[in-house]
Amino acid sequence: DAIKQISEIQPDLVLMDIMIKGPMTGIEVSDKLKETMNIPVIYLTAYADEATLSKAKITEPYGYILKPFKEIDLHSSIEMSAYKHKKN
């Protein structure tokens, strides 16, 4: 459902939780987005273990923010990601 909604909406950026409801993880959804759409992804997650980080790195996210997060951290990550994506 997430991939379908994202393809319909075509957002400028996606904030993706790593653990989402459904048969796929947020990492798997992000990997599909990378293959089919040019939309930057920032992960918002409570997971920072090495296995999760290794899987997430492969999708080349524009950011990785740990929960709980501060609004300023989210804002600065979004701004930097948007800037970086426009340059590419």
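**Close-up views of a predicted model**

Lys34 counts as partly exposed, its relative accessibility being 39%. This residue opens the legends below, which all describe a predicted model.

**View 1. The salt bridge between Lys34 and Glu60.** The closest N and O atoms of Lys34 and Glu60 lie 3.5 Å apart, a separation that falls within the 4 Å cut-off for a salt bridge. Glu60 is exposed, with a relative accessible area of 53%, whereas Lys34 is partly exposed. Side chains of opposite charge can pair when their charged atoms come close.

**View 2. The salt bridge between Asp17 and Lys67.** Two salt bridges are found in a search of the whole structure, and in this one the side chains of Asp17 and Lys67 meet at 2.7 Å, N to O. Because Asp17 lies in strand S1 (residues 14–17) and Lys67 in the loop between strand S3 (63–66) and helix H4 (71–87), the pair ties together parts that are 50 residues apart in sequence. Asp17 is partly exposed, with a relative accessible area of 24%, and Lys67 is likewise partly exposed, with a value of 37%.

**View 3. Strand S1 and its pairing with strand S2.** The side chains of S1 fall on two faces, a covered one with Val14 and Met16 and an uncovered one with Leu15 and Asp17. In a regular strand the side chains alternate between the two faces of the sheet. S1 pairs with strand S2 (residues 41–45) in the parallel sense, over four bridges, and the bridge partner of Met16 in S2 is Tyr43. Together with H2, the strands S1 and S2 make a right-handed β-α-β unit.

**View 4. The nonpolar core that includes Val14, Met16 and Tyr43.** The largest nonpolar core of the model has twelve residues, among them Ile6, Ile18, Ile27, Val29, Leu33, Met37, Ile39, Val41 and Ala56, as well as Val14, Met16 and Tyr43. S1, H2 and S2 are the elements that give two or more residues to this core, and H2 gives the most, with three residues. Tyr43, one of the core residues, counts as buried at 0% relative accessibility.

**View 5. The aromatic pair of Tyr43 and Tyr64.** The structure holds one aromatic pair. The ring centres of Tyr43 and Tyr64 are 5.9 Å apart and the ring planes stand at 70°, so the pair is edge-to-face. Tyr43 in strand S2 and Tyr64 in strand S3 are 21 residues apart, and the pair therefore links distant parts of the chain. Whereas Tyr43 is buried, Tyr64 counts as partly exposed, at 25% relative accessibility.

**View 6. Lys84 over the ring of Tyr62.** Lys84 lies over the face of Tyr62, at 5.2 Å from the ring centre.

**View 7. Asp1, in the segment before helix H1.** Asp1 is found in the segment before helix H1 (2–9), and this residue is exposed, with a relative accessible area of 80%. Between Asp1 and Ser77 the C-alpha to C-alpha distance is 25 Å in space, the two residues being 76 residues apart in sequence.

Notes:
Residues are numbered from 1 along each chain as its sequence is written. Side-chain values use heavy atoms; hydrogens and water are left out. Buried means under 20% relative accessible area, exposed over 50%, partly exposed in between (1.4 Å probe, protein chains only). Two strands pair if DSSP finds at least two bridges between them. A crossover is right-handed if, with the strands pointing away from the viewer, the path from the first strand over the helix to the second runs clockwise. Rings of Phe, Tyr and Trp (its six-membered ring) pair if their centres lie within 6.5 Å; planes under 30 degrees apart count as stacked, over 60 as edge-to-face and the rest as tilted. A charge sits over a ring if NZ of Lys or CZ of Arg is within 6 Å of the ring centre and within 35 degrees of the ring normal. A nonpolar core is a set of buried Ala, Val, Leu, Ile, Met, Phe, Trp, Tyr and Cys residues joined through side-chain atoms within 4.5 Å.
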